Amino acid sequence: MPGESVTLRPVDEDDLRLLERFLTEPETAGPFQWFGYTDPRRFRQRWAENRLLGEDGGQLIVTAGGELLGFVAWRKVVVTASTHCWNIGAQLLPEARGRGIGTRAQLHLVRYLFAHTPVMRIEADTEAENIAEQRALEKAGFTREGVVRGIVFRDGRWRDGVAYSVLRGDPLPADM
């Protein structure tokens with residue numbers, strides 16, 4: 001996928017305003033990520049605690065050409081007392097969508113997590129109606145596992161989701 005070079009980096013204090021926009025501006029969050037207004041201070045509180053990089057998950061800023069375009073995040077999903085995997089996601093500013101940036105950012109995050117944590121599995125999910133994100137996950141090397149019925153409540157109704165995963169050792173696309 002030709003295009004801008006996408007990089008991930010830790011969140012700086014100056015980046016918190018960008019993250020807060022996703023919690024206070026419906027048009028910034030986009031149609032599949034707007035769940036109503038929530039406390040934007042949660043990012044600042046977590047940043048003060050651990051700079052948004054903890055044992056149970058984290059967030060990294062997505063940039064291209066030095067421009068802040070959004071973030072990727074991961075959270076621990078406990079499977080058994082001795083096993084966990086990561087669930088990942090990405091959220092981009094409206095002007096960054098549709099350019100392949102989300103695909104590349106999620107692929108970079110998968111490589112980062114496999115390189116720096118011992119997990120076997122990384123999961124991602126999206127709404128069944130979010131075809132663009134499904135394509136992005138598939139291009140980033142994820143395998144569609146199936147539909148999860150009635151998993152997300154958004155905009156007054158329950159919606160189906162689609163589950164994806166990539167396993168350590170699965171072939172990943174070449175650098176994009």
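**Helix packing and selected residues**

Mentor: Helices α1 and α3 are oblique to each other in this predicted model.

Trainee: At what angle do helix α1 and helix α3 pack?

Mentor: Helix α1 covers residues 16-24 and helix α3 covers residues 41-50, and their axes lie 8 Å apart. An angle over 145 degrees would count as roughly antiparallel, and 65 to 115 as roughly perpendicular. The packing angle is about 140 degrees.

Trainee: Which residues in α3 does α1 meet?

Mentor: By class, the contact of α1 with α3 has 5 nonpolar, 4 charged and no polar residues. On the α1 side the residues are L16, R17, L19, E20 and L23. Their partners in α3 are R42, F43, R44 and W47.

Trainee: What do the buried residues of α1 pack against?

Mentor: The buried residues of α1 are L16, L18, L19, E20, F22 and L23. Among them, L16, L19, E20 and L23 also belong to the contact with α3. The elements that the buried residues of α1 pack against are α2 (26-29), α3, β3, β4 (67-80) and β5 (83-92).

Trainee: How far apart are the end C-alpha atoms of helix α4?

Mentor: Helix α4 runs over residues 101-116, which makes 16 residues. Its buried residues include I101, L107, V110 and F114.

Trainee: Which residue's side chain makes a polar contact with the side chain of T63?

Mentor: T63 lies in strand β3, residues 57-64. Its relative accessible area is 8%, so T63 is buried. Beyond four places in sequence, T63 touches S5, V6, T7, R9, L68 and L69. The polar contact, at 2.4 Å, is with T7.

Trainee: Is R51 buried or partly exposed?

Mentor: R51 lies in the loop between α3 and β2 (53-54). Its phi is near 60 degrees, a positive value in a residue other than glycine. Most residues other than glycine have a negative phi. With a relative accessibility of 42%, R51 counts as partly exposed.

Trainee: What is the relative accessible area of L52?

Mentor: L52 is also found in the loop between α3 and β2. It is not a glycine, yet its phi is positive, about 65 degrees. L52 is buried, and its relative accessible area is 0%.

Trainee: What distance separates the C-alpha atoms of T143 and L167?

Mentor: T143 lies in strand β7, residues 143-154, and is partly exposed at a relative accessible area of 44%. Outside four places in sequence, T143 is in contact with A163, Y164 and S165. T143 and L167 are 24 residues apart along the chain, and their C-alpha atoms are separated by 9.1 Å.

Trainee: Which residues is Q134 in contact with, leaving aside its neighbours within four places in sequence?

Mentor: Q134 lies in helix α5, residues 131-139. It counts as buried, at 7% relative accessibility. One of its contacts, Y164, is also a contact of T143. The residues in contact with Q134 are T126, E127, A128, E129, R144, V162 and Y164.

Terms used. Residues are numbered from 1 along each chain as its sequence is written. This is a predicted model: local features need pLDDT of at least 70, side-chain atom pairs count only at pLDDT 80 or more; totals for chains, interfaces and linings use all residues. Side-chain values use heavy atoms; hydrogens and water are left out. Axes are lines fitted to C-alpha atoms, for helices over the stretch in contact, and angles run from 0 to 180 degrees between N-to-C directions. Helices (H or I, at least four residues) and strands (E, at least two) are DSSP runs, numbered from the N terminus. Angles under 35 degrees count as roughly parallel, over 145 as roughly antiparallel, 65 to 115 as roughly perpendicular and the rest as oblique. Contact means heavy atoms within 4.5 Å. Ala, Val, Leu, Ile, Met, Phe, Trp, Tyr, Cys and Pro count as nonpolar, Asp, Glu, Lys and Arg as charged, and the others, Gly among them, as polar. The expected span of a helix is 1.5 Å times one less than its number of residues. Buried means under 20% relative accessible area, exposed over 50%, partly exposed in between (1.4 Å probe, protein chains only). A polar contact is a pair of N or O atoms within 3.5 Å; within protein, one must be able to donate a hydrogen and the other to accept it, and residues adjacent in sequence count only if both atoms are side-chain atoms.
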